[in-house]
Amino acid sequence: MDSFLFLGFGLDAWITIITVLGMFTILLFTKWRSDVVFLGAIGVLYVTGVLDAKEAFSGFSGNSVITVGVLFVVVAGLTHTGVLQCIVRYLLGTPNSYSKAVTRLMLPVAVLSSFLSNTTVVALFVNIVKMWSRKLGVSPSKLLIPLSYASGMGGVCTLIGTPPNLIISGLYEEQTGQAMNILTTTIPGLFCLAIGVLSVIAMRRLLPDRKAPETAFEATSEYTVELRVPSDNPHIGQTLAEAGLYHPQGGSLIEMYHFDEVSSPFTEDEPIMGGDHLVYAGQIDSLYEMAGNHQLVAASHHVFSMSEVDQKSKLRTAYVTYGSNLIGKTIDSTTFEKDNNLMVAAIARRGQRVNQAPRHVVLEGGDTLLLIFPHNVKINTEALSNTVCFFDSDDVPNIGPGTLISSIIMVAMVALSALGVLPLLQCAFLAAAAMLICRCCNMEQAMRAINWEILMVFAGSAVLGIAIQKTGIAERLALGILDVCGTNPIVLMTAVCFVGTFVTEFISNTAAGAMFFPIMYDAAEKLGYDPFPFLVALMVSVSSSFATPIGSPTHMLVYGPGGYRFSDFMRIGLLMNLIILAANIFIVNIVYPLTPLH
């Protein structure tokens, strides 16, 4: 293998390049699980001999991966004791201007995201911000993008705030034997956060002013409900007018389907047959009362009598997540309703109700669904999370003594690590144990909080970094960058961070961190400088994805609730990328001056 050379790369290097490119292509253009894709990439590198067994599976035993896993338990304790809700209750208040509102929102979110999963923080704040925006008289779309931005910028402020920080610091420790302090990125992160808050306020006109998607369902006259005539219905054989189904009170018949075929033209003299679909628009309460009186049923699946249908129900709103397997399909062509014991009553798109039979609408990412559940069914939101995301939540943690206890545990963990009393991993283990012993969360909640998919991606990213360095790709790319950038270290730092910032718009920031670590490290060394400040700048840059909704999981959490379009993020995000990049390079070179290697 070593004798093979093409464009300066050996066979092992080309296998690695093809594997990495193939992996990112699959992640971008398919809906495959990211953990499966990363595991497949590891398998390819191992089977082809690029990595030996120890190298291929070293990511699963790395300190940074274990730290992330243990921190999930710590976060579970904070979440279930209501720490986040308690902070929100006392911090948001009622500001009298947009500038103050953005500041009151972004700062606490950033602080929380410095120590907790930014996805968890944003998931909590989404509904709070939507209610808060109504109170302030501001469109939610003006606040939800700043919410997501704040979580990303806040995560940069500590090593535990975002996965790339942990993976880059872990790889640095493996290379040098020196561990980074948990607060290494705090000053650069806070400076970029301050610049970010000011930038959002200054560019607020670039933020879209969209209606909240669920407002399409606020006027009861805007509901569309699809009903079916069961096979034992007493009105079979009558006309629509004779059965009182042509102009029912509180609504109107807008479409009729015979035998599940295409919509048929109809008049009041149209005969009713078993299995007919009747699509009504009107007041939801009146329509469901009419359905009960006329023994019509939900059109989710064929039923033969009214006794099969639970007449009591509850309404929930959710949006189709980006990457959902419902995108491009109609509800009618899937088993979504049957599998989850629900009915889709209405669909809205970009704040406007779609005026056709809900089960025949071809769904798009961000579409808002009005779902009807039987009243006695516990909704498994976790099982639905890969398909739809709910605007509201049934989980309401109790605020009490546990809130204070879990807060003290968290503060103690950070303090012990920052002061160098114990390594971060040991502090995390002690904090997780304390959360369980003090009953801030139980064992089941702790295990459920561990996101195994993220851990797999994390471990896979570390292995990719090893392959890129071992096969000489990092060295060749570092030399190429030096040829382009010359011998100016700040130009080098800026160039790599610029590429990292835009690459992370399309791939996992964890993968971007692992991929660019060896490139930045080798380039800095070849230029004769200590890689440390270069890596700090890299940490900030690979977590600074503002221009696309797929750049961060938190962007996707706000995408549906904000009623956004893909281009909304680009309008303000491209400028934010450049502003934060400049702030990053500026502050890192002040806090961590470049030091020549001796």
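**Before you start**

This is a predicted model, in which local features need pLDDT of at least 70, side-chain atom pairs count only at pLDDT 80 or more, and totals for chains, interfaces and linings use all residues. Residues are numbered from 1 along each chain as its sequence is written, and side-chain values use heavy atoms, with hydrogens and water left out.

**Stop 1: the largest cavity**

Select Asn 118, Gly 152, Ser 543, Ser 545 and Ser 552. Of the 16 residues lining the largest cavity, these are the closest to its centre. A cavity here is a set of points, on a 1 Å grid over the protein atoms alone, where a 1.4 Å probe fits but cannot get out; lining residues have an atom within 4 Å of a point. The space in the largest cavity is about 120 Å³. That volume is the space filled by probe spheres set on the points, which are joined across faces, edges and corners.

Now colour helix H8 (141-155) and helix H23 (553-559). Each supplies at least two residues of this lining. H8 gives the largest share, four residues. Helices are DSSP runs of H or I with at least four residues, strands are runs of E with at least two, and both are numbered from the N terminus.

What classes of residue line the largest cavity? Three are nonpolar, 13 are polar and none is charged. Nonpolar covers Ala, Val, Leu, Ile, Met, Phe, Trp, Tyr, Cys and Pro; charged covers Asp, Glu, Lys and Arg; the others, Gly among them, are polar.

**Stop 2: the second largest cavity**

The count is two cavities of 30 Å³ or more. By class, the lining has six nonpolar, two polar and no charged residues.

**Stop 3: a nonpolar surface patch**

Go to the surface. Select Leu 39, Tyr 46, Val 47, Phe 57 and Phe 60. Together they form a nonpolar patch with about 480 Å² of accessible area. Such a patch joins nonpolar side chains (Val, Leu, Ile, Met, Phe, Trp, Tyr) within 5 Å, from residues with over 30% relative accessible area and no salt bridge. Areas come from the Shrake-Rupley method with a 1.4 Å probe, and for residues only the protein chains shown count as cover.

Pick out Tyr 46, in helix H2 (residues 34-47). Its relative accessibility is 38%, so Tyr 46 counts as partly exposed. Buried means under 20%, exposed over 50%, and partly exposed in between (1.4 Å probe, protein chains only).

**Stop 4: the salt bridge**

Which residue forms a salt bridge with Lys 470? Select Glu 55: the closest N and O atoms of the pair are 2.8 Å apart. The cut-off is a side-chain nitrogen of Lys or Arg within 4 Å of a carboxyl oxygen of Asp or Glu. Lys 470 lies in helix H18 (residues 452-470) and Glu 55 in helix H3 (residues 53-56), so the pair ties together parts 415 residues apart in sequence. Lys 470 is partly exposed at 44%, and Glu 55 is partly exposed at 21%.

**Stop 5: two loop residues**

Most residues other than glycine have a negative phi. Select Gln 295, in the loop between helix H12 (284-293) and strand S4 (297-298). Its phi is positive, about 55°. Finish at Arg 439, in the loop between helix H16 (424-437) and helix H17 (443-449). Arg 439 has a positive phi of about 60°, and is exposed at 75% relative accessible area.

How values were computed. 1 Å grid on protein atoms, 1.4 Å probe; cavity = no way out; pocket = protein on both sides within 12 Å on 5 of 7 lines; lining within 4 Å. Patch = residues over 30% accessible without salt bridge, like charges linked within 9 Å, V, L, I, M, F, W, Y side chains within 5 Å.
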